Amino acid sequence: MKYFEEIQVGDTFAVGRHTFTADEIKAFAQRFDPQLFHIDETAAERSHFGALCASGWHTAVVWMRLMVDHRRGLIEAARARGEPAVGIGPALGFRELKWLKPVYVGDTIEYQSEVVETRVSNSRPGSGLMTIRSTGVNQNGEPVISLVSTTFVERRPEVT
Amino acid sequence: MPKLHWEDFQPGAVAIYGPRLVTREEIVAFAAEFDPQPMHLDEAAASATMLGGLGASGWHTCCLLMRMIADGYVLDSSSMGSPGIDEVRWLKPLRPGTNIRIRATVLESRPSNSRPEMGLTKFLFEVLDEAGSCLTTMITTSMLGRRQPEPRP
């Protein structure tokens, strides 16, 4: 993980990819979003989606999980090089979350993020705020989800 | 047949859903699966973070909100899903043992331009604790089937 000062608007990074199975789509939806088109194949076929598809929240939290794993990998790599592990988080929230297309059974979603804004935090002088736009694209190259989120990132100790 | 349609959600209408007790076990289980950061997993590690103690993943709060509104009205409605979320703000941590409620306010309502069988309803959802403090806000648009579709010109 980079310090806030090393992060540039326009930086992009590959977050990871995930294939959505019928079992996990239904298991997630049973817990959090039990609308018929997320839990029942037959009902989903009769719905405007035409087939079983993942809850939009499922598509979003898989991005979160991949992002945590991605950051952990960067921190471990920094430690292995003898560099300090830069702190990140928590997030303040998100905006402009768009569910652009349904995620159907067997779809593989590839997530990528781009830094769109950086600024120093007023409330926490030791931190900066990094805003990223994250996008998930299916195996046909179609965007299925997009969101903008803002997270605290530690500043270089010598500048604060 | 669903009981509730687009016509049943008029601007200014307010409804409360819940309460729902959020346990430490489910906070940790959700985080282990979807957001395995220390402040959501372990009290000792969480006390050293900006959260100052164990708190639910903000994404968990969103998913609980979804489930509570599903049980509250969505499953009894002609819901056609949602194009997305305008904004979510995580204002205060959701701590283990909190009984949360959802306050749903209809902000706007309009027919769909492209689909005469559908209307669009913009909601403000607030996640409240027992004292009525707001922990999270969400502004989102729902797609709902109309009871009486617009006659085609």
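How many bridges pair strand S4 (residues 127-137) of chain A with S5(A), and in which sense? The two pair in the antiparallel sense over eleven bridges, with pairing called when DSSP finds at least two bridges between strands. Helices (H or I, at least four residues) and strands (E, at least two) are DSSP runs, numbered from the N terminus. The model is a predicted one, so to speak of local features takes pLDDT of at least 70 and side-chain atom pairs count only at pLDDT 80 or more, while totals for chains, interfaces and linings use all residues. Residues are numbered from 1 along each chain as its sequence is written, and chains are lettered from A in the order in which they are written.

Within chain A, A:Gly128 sits opposite A:Val153 in S5(A). S4(A) and S5(A) make a hairpin with five residues between them, and A:Gly141 in the turn has a positive phi of about 85 degrees. S5(A) (residues 143-154) also pairs with S2(A) (residues 88-99), antiparallel over seven bridges; here A:Arg95 faces A:Val148.

The axes of H4(A) (residues 56-80) and H4(B) (residues 58-72) come within 11 Å and cross at roughly 170 degrees (lines fitted to C-alpha atoms over the stretch in contact, with angles from 0 to 180 degrees between N-to-C directions). That makes the two helices roughly antiparallel, a label for angles over 145 degrees.

Notes
Angles under 35 degrees count as roughly parallel, over 145 as roughly antiparallel, 65 to 115 as roughly perpendicular and the rest as oblique.
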